[in-house]
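Subject: Structure handover

Hello,

I am passing on the structure we spoke about. Please look through it before reading my notes below.

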Amino acid sequence: EQQAIETFEKLSLLKYLVAPAVLKKQWRMTQVYLDYVVSSFRQHEISVMIANFALVGPSFQNIHRQYVSSLDEEIFRWAKAKELPFLSLLPIAYNAFGEHHYSKISIKDDGHPTSYTHALLERALQPWVIKNLNIE
């Protein structure tokens, strides 16, 4: 596992990513917390919906695109097993990076979305949330 982590770190320009070799391990730890939160919310009849977002685009390294896709699939499978609505927001980022300069989508040297990107996410999330709350 350690060798796989070191190899990944050498290949990836983005040092905040978790090596794929430990992704499933870290996802399993995250699942425990999500299971607890979903169970608690359901006991109080609070709706739960899952959306996943990551900054990824066509010019990103293949290793980064594979990483975020793999995590997205893990989250999708978990949400499906819990019978929760799931929305992947990866296409929003991918398309945005394909259409705009990096600085319009991501804060320079920070790795977080800009206000423009937040607005794109809001436009995607609002109708989806309304639909899943059945409040149309």
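Residues are numbered from 1 along each chain as its sequence is written, and side-chain values use heavy atoms, with hydrogens and water left out.

Confidence

The score used here is pLDDT, the predictor's confidence in each residue, from 0 to 100. The protein has a mean pLDDT of 86, and 82% of its residues reach 70 or more. Among its elements, the lowest mean pLDDT, 63, belongs to helix α1 (residues 2-11), and the highest, 97, to strand β2 (residues 86-88). Helices (H or I, at least four residues) and strands (E, at least two) are DSSP runs, numbered from the N terminus. Where pLDDT is low, the predicted coordinates should not be read in detail.

Helix α3

Helix α3 covers residues 62-81. The expected span of a helix is 1.5 Å times one less than its number of residues. After α3 comes E83, with a positive phi near 55°.

Buried means under 20% relative accessible area, exposed means over 50%, and partly exposed lies in between (1.4 Å probe, protein chains only). The buried residues of α3 include I63, H64, Y67, V68, I75, W78 and A79. D72 and E74 are buried in this helix too. E74 has a relative accessible area of 11%. Leaving aside residues up to four places away in sequence, E74 touches K24 and W27, where contact means heavy atoms within 4.5 Å.

Strand β1

N52 lies in strand β1 (residues 50-52). Is N52 buried or exposed? At 10% relative accessibility, N52 counts as buried. Not counting residues up to four places away in sequence, N52 touches D72, I75, F86, L87, S88, L89 and L90.

Salt bridges

A salt bridge is a side-chain nitrogen of Lys or Arg within 4 Å of a carboxyl oxygen of Asp or Glu. How many salt bridges does this rule give? The count comes to three.

One is between the side chains of K82 and D35, at 3.4 Å, N to O. This pair links distant parts of the chain: K82 is in the loop between α3 and β2, D35 is in helix α2 (residues 20-43), and they are 47 residues apart. K82 is partly exposed, with a relative accessible area of 28%, and D35 is partly exposed at 28%.

R77 takes part in the others. The side chains of R77 and E73 meet at 3.7 Å, N to O. These residues are four apart in helix α3, so about one helical turn separates them. R77 is partly exposed at 43% relative accessible area, as is E73 at 41%.

R77 and E74 meet at 3.1 Å, N to O. Both lie in helix α3, three residues apart, about one turn of the helix. Salt bridges that share partners join E73, E74 and R77 into one network. An α-helix has 3.6 residues a turn, so residues three or four places apart point the same way.

Regards

Notes: This is a predicted model: local features need pLDDT of at least 70, side-chain atom pairs count only at pLDDT 80 or more; totals for chains, interfaces and linings use all residues.
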